Amino acid sequence: MEKKKKSRILKGIVILALLILFACLCYWKRRGIRNTFYRMAGIEIPFDVKEKEQWKKYGYYRQEVKVSVDLDETLTVYENDGASDAFETDIAKEDSLVKTSFDIDAQVEAELANGNYSFDEPLVILNPYKISPLTGLILFNTEEETAVRVTVKGKTEAADITGEVEASTSHRIPLIGLYPSTENTVIVELLDHSGNVTDTKELKVQTSGLPEALNDIVKPVKTSGTSAFGLTMVYGQQCHYPFAYDCNGDVRWFFEKETANYGMYNLSNGRLIFQDTGAYTPSQQKPQSTNLYEIDYLGRASRMYYLPNGSHHEVIEKEPGGNLLALTSSLKGQYEEEIVEIDRETGEIVNELELADLFGTVFANKSDWAHINTVSYQADQDTILISARNLHSVIKINWTTHEIVWILCSPKFYEGTEFEQYVLTPEDTFTWHFQQHSAYQLTADLDGNPDTVEVSLFDNHYTASRKVNYFDDLEESHVMVYSIDESAKTVKQIKKLNVIYSKITSNTIYDEESNHIFGMCGWVVYPEDERRGMTYEFDYDTGEILNQYSIKNKFYRATEMNINWSDLASAMSMDENYIKGSLKPTVETTAKVTAPKETLESGVSFKMIGSVLYVDTLDHHISQIIFKGADHTYVYDSTNIRLHTKDYLAHQGNIPVPLGNLEPDTYEVYCVYQNEYYNTGHSFTKTK
C-alpha cells in the first residue's frame, strides 16, 4: 500500500510538472521559452517577439472575438465614390476630395461654355476649389486661337509670377502667386503664333488675408533681390498649412487645408502628392497617414491612394510619370523601415523591402531603429538610394535583388560587423554626417570627374537617436556633397557649408541650372527670436549666402514650386477608379458573437467614403471593430500593433476600415473601445 501511495504521489508530481510545462508553453511568448530554444538552436529571435517582451505598451488591446491577423495581408481598394451606393446605412456618406474637385471643375467648364465671357470682360473666380485662397481662374473666349500669357505683378520685377498657356479659343487661365490682403495687379496678354503680343488687359484682383497661423511666417534675414526658385514652398511638422514665399520673403500661395506630419511631395507633372489628415493607421509611435492625394496648386485632387501601413517622410516618382516609391512601416514591432513601390495606375504594391531583411536585428535595439527619411531611384543602375537616419547611413541598394551596393557612413559605425565590406573608404579626413536627411544622387558632375557620382545631403549632426562614442559633439549642421567612386568604393567630401543648428527634419537641394545649393533648416535648436526654421540659398562655388529667410515655425521640408501652367489650365480628367491602393483588411470569422449590452454614447463617430468606413476616435483606443451579420461576421483588429509612446494616445484621427470584401448581408457595428464591448448603434446593409 505504501508503495502504491508513493507511486500515486510520484505520478501526481509528474502530471503537475507536465501541467506546469504546458502552462509555460501556453505563455511561451511571455516566459521566453521560445527565445531560449532560439538561442540554443542558433536562430535569430524575430523582432516582433522581442518587441512584445521589451517595450512597455500604452493603449487598449482587449479582443472580444479571438482572431489572428497577418500584418502582410492587405485588401485592394480600386473604386470611386460610387462604391458607397452598395451600402444602405444610417452612417453619413461623404465625397472624397477627388469628387468634390471634379464637381467644381465641371461647373467651371459649364460656366465657360455657357457664359458670355470675352477678353474685354472676363470672369475671374478666386479660390475656385476652396482650399487655395491665393489662386484663381480667368475665364474668357476668343474668336481666333491664341496663346495667353498671364503675369501676377510682384512688388519688384523679380517677384513677378508669369506663365503661358497654349493656344485655344476657350480659355481658363490659372492665377498663381497673388498677394494676400491686396488688390493685385494681373496682366493678361494674347499672343500670336510667333509669340508676339496682340492685345493686353490689366485686371485687379482683391484677396483676403492670411490665416492666423501664417501671419509673420517668413522674415527675410538677407535677400539678393532674386532667387533660383520663383516660389519656395514650406510644409510639414508645425507648418500645417503649406505655403510658398517669393524672393522678397512675401507669402504668395498657401493651402487652407492641413497636411499630415510630412506635408507633400513634388511630382514631375507639376502636381503634388499631398499627405492627407483624413485617415491614419496606428503604429508603435505616431499614427501614419494612409491617404495620399495627387493634387495641383489650385487645389484640384485627381487621384487618391491608400497605403495600408501609412506613409512617412517620402513619396517620390521612381521615374518621371512612373510608379511611386513610398516610405512606410512594417508595423511588425518596427516602423519607418520599409520601402514600397506603388503602381501609379492601380495603386497596388509591386515591390517592397523591409530593411530588417538586409540588416536583421543587428541594430534593432528599438522600434525606430532605422528611420528611413529619403528614397530615390537610379534607373541606369536599377538601384534605390536611401537615407537611414538612425544608422547615420546613406545606402545604395539594388531594387530588384535587394542587395546592398555600398554604404556611405563613418567606417567606425560598421566595424566588426558583416556590413563593413560595403562601407565606402574615405580618401581623406573630413567631418562625417550624423542623423542626416535628404540624401540624393545628383545628375550634375560637380567634381569634374565623369567616373564619379555626387550625393548631396543635409547633415543634422545629432546623435540622440543612435549614440556613438566617436561623435565630435559639434552643435552645428551642414549642407554636404560627397563624390563617390563606385568602382573603387571610395568617397571624398567636396562641399561642406555651415548652417544654423537644426537637429531634426531639414533638407538640401542642389539646383543645376543656377548652380545654387539650398539648406532648409526645419528644426532650429537655439533660435535668437523664438523662430524655429531657417532657409539658405548659397552660391555653390563660392559658398556665399545669397538669400536667407527665418521661418516662424518648425517645418519638415522646403522645396521649389514647379508650376505647370498648361496642366492648371486644362479641364480635369479622371480615372474611372480614382480611389486606389490597399488597406489592412477585415477578417471573416465563424466565432459566435453576442450583442453587447451597452451602447457607446461618445468617443467614436463614423462616416463612409466609397466602400471604406472611417472610424473617428483617439489613437489606440479601439482594439476591435466587429461587423455582425445574419450570415457573416467580420472583425477589424489592431491588437497586434502596440503603442510605445504614451503621448500619441491623445491623437484624434480616423481609422480606415475597408468593407469591400464583405458578403452581402445586414450588419450591426460593434466595437471594443477602451477595453469595453459596445454596440455603436449603427448598422448597414451591403446590397452587392
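The side chain of His-437 and the side chain of Asn-460 make a polar contact at 2.7 Å. A polar contact is a pair of N or O atoms within 3.5 Å; within protein, one must be able to donate a hydrogen and the other to accept it, and residues adjacent in sequence count only if both atoms are side-chain atoms. The model is predicted: local features need pLDDT of at least 70, side-chain atom pairs count only at pLDDT 80 or more, and totals for chains, interfaces and linings use all residues. Residues are numbered from 1 along each chain as its sequence is written, and side-chain values use heavy atoms, with hydrogens and water left out.

The side chain of His-437 also reaches the backbone oxygen of Thr-505, at 3.1 Å. His-437 belongs to strand β27 (residues 437–441); helices (H or I, at least four residues) and strands (E, at least two) are DSSP runs numbered from the N terminus. With a relative accessible area of 2%, His-437 is buried. Buried means under 20% relative accessible area, exposed over 50%, and partly exposed in between (1.4 Å probe, protein chains only). Leaving aside neighbours within four places in sequence, the residues in contact with His-437 include Asn-373, Ser-387, Arg-389, Leu-457 and Phe-458, where contact means heavy atoms within 4.5 Å.

### Strands and sheets

Two strands pair if DSSP finds at least two bridges between them. Strands of a sheet pair through backbone hydrogen bonds, either parallel or antiparallel. The table lists antiparallel pairs, each with one pair of bridge partners or opposite residues.

| Strand pair | Bridges | Residue pair |
|---|---|---|
| β7 (residues 183–191) and β8 (residues 197–206) | nine | Thr-185 and Lys-204 |
| β40 (residues 622–629) and β43 | seven | Ile-622 and Tyr-673 |
| β43 and β44 | nine | Val-672 and Tyr-677 |
| β18 and β19 (residues 324–328) | three | Glu-317 and Leu-324 |
| β9 and β34 (residues 545–551) | four | Val-218 and Ile-551 |

β7 and β8 form a hairpin with five residues between them, and Gly-195 in its turn has a positive phi of about 90°. In the hairpin of β43 and β44, two residues lie between the strands, and Gln-674 in the turn has a positive phi of about 50°. β43 is largely enclosed by the rest of the structure, because seven of its nine residues are buried.

An open sheet of four strands has the order β18-β19-β20-β21, with antiparallel pairing. Its edges are β18 (315–317) and β21 (349–354); each has a single partner strand, so one side of each is left without a neighbour in the sheet. From one strand to the next, the twist averages 20°. Axes are lines fitted to C-alpha atoms, for helices over the stretch in contact, and angles run from 0 to 180 degrees between N-to-C directions.

Another open sheet holds five strands in the order β9-β34-β33-β32-β31, again with antiparallel pairing. Here β9 (218–222) and β31 stand at the edges with a single partner strand each, so one side of each has no neighbour in the sheet. Neighbouring strands of this sheet are turned against each other by 15° on average, direction ignored.

### Aromatic rings

The structure holds 28 aromatic pairs. Rings of Phe, Tyr and Trp (its six-membered ring) pair if their centres lie within 6.5 Å; planes under 30 degrees apart count as stacked, over 60 as edge-to-face and the rest as tilted. Tyr-501 and Tyr-526 form a tilted pair, with 6.3 Å centre to centre and 35° between the planes. This pair links distant parts of the chain, 25 residues apart: Tyr-501 is in the loop between β30 (490–499) and β31 (507–511), and Tyr-526 in the loop between β32 (516–521) and β33 (533–539). Tyr-501 counts as buried, at 9% relative accessibility.

The pair of Tyr-667 and Phe-684 is tilted because the ring planes stand at 35°, with the centres 5.4 Å apart. Tyr-667 lies in β43 (residues 665–673) and Phe-684 in β44 (residues 676–686), 17 residues apart. Both Tyr-667 and Phe-684 are buried.

Ring pairs also join Phe-359, Phe-363, Trp-369, Phe-413, Tyr-414 and Phe-419 into a cluster.

Charged side chains sit over rings as well. The charged end of Arg-252 is over the ring of Tyr-179, 3.9 Å from the ring centre, and Lys-607 lies over the face of Tyr-614 at 5.7 Å from the ring centre. A charge sits over a ring if NZ of Lys or CZ of Arg is within 6 Å of the ring centre and within 35 degrees of the ring normal.
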